[in-house]
Amino acid sequence: MTALLSPRPLQQALLQALHRQQTILTPNRRLSRNILDNHAHRQRQQGIQAWHTPAVFSLEGWARQLWQQLQDSNHPLGRALLLEPRQELQLWKQCLEQDPETQQWLQPAGAARHAQQALKTLQLWHQQPRSEQLQPFVDDGFIFGRWHDSFRARCKEPNAITFCDAVERLIDAFQQGVLTKQPHVCLTGFQDIAPLYKSLLAAAFVQQQQLQSETSPGHCQRLGCDSVEQEIQLAGQWTRQILQQFPGASIAIVDPQLSARHSLHDRIFRQTLEPSRLFADAAVDAPLFNMSIGTPLADCPVIDSAFVLLGLANRPLSLDELPALFYSPFIAGLEQELEARIELERRLRRLGLDALSLTQILQQLARMNTRQSDPTLQSPQQSPEQGSPCCPVLENALQRLQKMQRLPKRALNAWGPWFVATLTQLGWPGQRQPSSLEYQQIKQWYALLAGLARFDCILDDLSFSDALKLLRTESQSTVFQAQTPDSAVQILGPLEAAGLRFSHLWVMGLNDESWPAPPDLNPLLPAAYQQAMQMPHACAERELNFARQLTQLFAASAEQVVFSYPLRRNDQILRPSALICDHPAVTPEQLLLSPEQRFSEQKQTPHLSRLQTDAPLERIDTARAPCISNEERDQLGGGSAILTNQALCPFSAFAIHRLGAKPLERSQTGLSHADRGNLLHAVLERIWQQLHSQQDLLQTEPADLQRLIDSAIEQAMMPFRKQAPDWMGQRFWQLEQRRLHRLTERWLEEERARPAFSVVAVEKALNTELLGVPLRLRIDRVDRLQDGSELLIDYKSGTPTVADWFGERPRQPQLPLYSLATHHPVSALAFGQINAAEVTFKGICANTSPAPGIAPLTQLRNPPCADWEQMTGLWQQTLERLMTDFIAGEASVAPLDPNVYQYSQLQPLNRYYELERLNPTTTLNTSPEMAPATEPSHD
């Protein structure tokens with residue numbers, strides 16, 4: 001901490017206590033460290049080079065030190081195993097899991113935490129579950145009483161006690177003269193002391209002195225903010241400007257909801273104070289801010305990678321977890337196997353499974369090694385030689401994990417070293433040198449593994465699965481705090497900030513619903529009993545008094561104090577807490593020293609400043625890519641999707657067809673929309689391969705037609721059933737068969753109502769070129785009409801519209817392109833809309849309508865051309881212009897409308913939706929629309 005003690009009455013009293021070498025107790029470790037740091041600073045200022053460490057402790061830390069003294073004396077009172085909080089929690093979980101009346105409906109982990117807190121609260125108030133004061137409030141079925149009896153029975157064999165039990169023994173030790181009573185103690189920073197601790201202090205000291213602050217309130221202001229996020233952003237800007245104007249300032253940001261908003265504070269303050277360190281693992285110099293709440297060790301990337309490895313031997317891996325296994329820098333072999341691991345991930349995603357077992361991953365690796373899988377996924381330039389391992393390092397690690405799936409039970413003092421040795425064999429934590437931050441995390445991880453042995457006294461031998469589960473629970477409960485130098489800015493919870501002194505203080509979240517906090521009763525103890533005993537968080541009056549004391553203390557803790565609150569939460573209007581309404585209200589403009597002033601980057605990153613001044617910077621226009629060369633033109637390939645994507649957004653066409661960008665496939669329940677559309681295409685293709693004309697359709701007997709439909713559906717579903725996940729059983733395919741049967745029957749009814757026609761081709765392949773770019777097309781169906789001309793049909797399972805063929809950037813140019821590419825006269829184009837909502841034709845024709853829903857061009861409300869010939873010429877010009885732009889490298893992020901990217905997965909490349917944040921006036925329509933086609937499906 002950098003906040004120094006100032007010569008005020010409270011601090012003078014503390015200095016006198018330090019000079020007299022009296023014991024000083026605080027409610028928390030942060031305040032005790034602050035006092036020690038200030039004392040050390042004063043000693044150095046006076047030229048003193050060595051001094052005795054003062055007896056300054058947190059109340060709990062002092063009690064633990066006394067317990068150690070009692071144990072060292074070898075007195076019977078000290079002969080017991082003091083349970084750590086997490087050991088105690090494990091015992092409670094065992095009691096609840098084996099309770100026959102509750103194990104069916106309780107979540108043991110959550111209930112165990114409530115039980116642990118309930119016993120601690122009772123003991124702090126000199127109570128027990130069987131106390132006389134409690135009995136009037138409970139009946140014979142008091143569930144916590146039964147749990148407590150079970151807990152105490154489990155504590156007997158290891159002779160284990162809770163921390164509150166230890167405090168009770170310390171009181172007895174002082175009363176029996178085993179521990180020597182001390183003359184004087186100074187208490188500072190306490191708002192309230194539990195009865196158990198009061199008894200301990202009375203037994204341990206002859207005289208107690210409560211040091212009270214006599215400081216006057218600083219300059220306090222009240223600020224309303226639009227939202228919680230704006231509240232934190234304004235606090236960051238305020239902090240930034242104070243640091244610029246007052247370099248020696250000590251600043252505190254206090255948030256009563258800090259644990260819930262830890263990530264939000266970290267992101268906003270990094271962006272505001274340390275933008276150059278947003279992506280850095282560790283800072284070389286002291287960071288500009290420090291947060292009192294650390295990160296759970298399990299959430300640190302290097303530790304999470306260890307759990308990904310170990311967990312694979314215990315459970316299937318979801319698709320979202322694959323990158324953590326394949327691309328983590330903490331798993332060996334990444335650099336030499338990167339391309340092969342990318343290929344492996346693509347293959348695994350193609351399986352269509354939600355989760356993948358270790359065996360399934362190894363099977364795909366074996367197929368890659370022997371080139372026995374889908375050849376369309378292989379690249380001749382990148383594929384390994386036949387028979388050689390693609391990912392030898394990864395494969396070796398997975399094979400080792402496979403051998404771990406049937407390990408015998410063992411004690412935790414054996415599991416700890418086993419985890420260490422196994423991770424080392426698997427190549428964790430990677431081949432590169434860990435950063436300073438990662439090194440600290442790994443060091444704490446090894447300490448955690450070594451500490452697992454402390455559970456052996458209360459737990460039996462565990463299986464690999466149970467040991468891994470306990471390890472994850474422990475690492476989630478273990479908080480990682482980076483070892484960094486002191487910071488000028490401290491982000492704290494209210495209890496941690498109480499009693500500290502700063503130059504500037506901002507206390508946020510003080511709305512009328514959160515400050516004072518609402519009562520939070522323990523659900524395992526009677527509410528009336530908790531209120532009668534004035535236990536913590538038991539009643540609104542107690543919470544109000546506590547919040548009022550803290551508010552007054554904060555008002556006197558700095559020279560400038562800002563109390564802020566959000567004006568709304570979602571749609572709810574909020575008001576300021578009554579405890580801050582007496583302070584004058586200000587606006588953000590009045591509060592900030594200079595709203596336009598930017599934080600000086602030179603103070604953080606001098607190397608970046610020198611780079612900006614010494615090296616010339618070049619601006620690159622990303623809206624224009626290099627033109628397509630003749631060599632690239634010959635290798636492009638593709639179909640109408642090139643023109644579709646160029647019309648929807650030029651960047652999409654560039655990214656997909658020139659850069660080869662392709663979103664990773666995602667698993668989903670059932671068949672995807674594309675799969676259902678492909679199934680329908682396959683069914684209609686097989687039917688019209690048998691029925692070559694409308695006359696054949698009309699002459700087919702109903703029973704024969706039903707058999708034909710069923711046969712076509714069965715053949716179409718066969719390849720899908722072979723690749724389907726295991727959960728797609730017979731019932732699923734029966735439902736799918738019924739769906740396809742109904743849609744097919746409805747579509748054939750539409751076909752019967754048309755004028756006579758014959759089917760010339762289904763799924764007709766057509767190779768053509770446009771401005772020298774080769775295109776491979778596939779037409780769903782070509783019908784020969786009575787006048788000898790052709791109708792081109794494109795099946796759609798969505799809701800297409802004829803308007804998508806018109807304009808300078810037609811949304812769906814496939815059919816116009818087909819009509820230009822075919823060598824036969826085309827007189828009509830139509831979508832065949834086939835879905836549960838509607839089955840119909842939608843199209844246009846030159847003259848006479850070939851089917852209901854296909855209207856002559858001249859009958860459109862606003863026809864783009866006077867006749868069919870002009871329309872064909874206009875399409876030719878439009879498509880050539882789109883192809884010209886594509887060849888010229890037009891790649892601007894200019895979607896046809898905001899809906900284009902609603903379901904696209906190209907946002908990480910085009911970053912289109914960031915425009916909404918850069919330009920608040922931009923309104924994005926979120927109605928469902930067609931997204932860019934990543935690849936041609938039926939062209």
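Reader: Leaving aside neighbours within four places in sequence, with which residues is Arg754 in contact?

Author: In this predicted model, Arg754 is found in the loop between helix 30 (730-752) and strand 20 (758-770). Leaving aside neighbours within four places in sequence, Arg754 is in contact with Gln694, Arg781, Asp783, Leu785, Leu791, Ile793, Phe841, Pro850, Ala851 and Pro852.

Reader: Is Arg754 buried or exposed?

Author: Buried means under 20% relative accessible area. The relative accessible area of Arg754 is 4%, so Arg754 is buried.

Reader: Which side chain is joined to that of Arg754 by a polar contact of 2.9 Å?

Author: Asp783 is among the residues in contact with Arg754. The polar contact of 2.9 Å joins the side chain of Arg754 to that of Asp783.

Reader: How far apart in space are Ala655 and Ala891, C-alpha to C-alpha?

Author: Ala655 lies in helix 26 (residues 650-657) and is buried, with a relative accessible area of 0%. Ala655 and Ala891 are 236 residues apart in sequence, and their C-alpha to C-alpha distance in space is 8.3 Å.

Reader: What span should helix 17 (residues 436-450) have at 1.5 Å a residue?

Author: The expected span is 1.5 Å times one less than the number of residues, and helix 17 has 15 residues.

Reader: Against which elements do the buried residues of helix 17 pack?

Author: The buried residues of helix 17 include Trp445 and Leu448. The buried residues of this helix pack against helix 11 (301-312), helix 16 (412-425), helix 18 (464-477) and strand 13 (479-480).

Terms used. Residues are numbered from 1 along each chain as its sequence is written. This is a predicted model: local features need pLDDT of at least 70, side-chain atom pairs count only at pLDDT 80 or more; totals for chains, interfaces and linings use all residues. Side-chain values use heavy atoms; hydrogens and water are left out. Helices (H or I, at least four residues) and strands (E, at least two) are DSSP runs, numbered from the N terminus. Buried means under 20% relative accessible area, exposed over 50%, partly exposed in between (1.4 Å probe, protein chains only). Contact means heavy atoms within 4.5 Å. A polar contact is a pair of N or O atoms within 3.5 Å; within protein, one must be able to donate a hydrogen and the other to accept it, and residues adjacent in sequence count only if both atoms are side-chain atoms.
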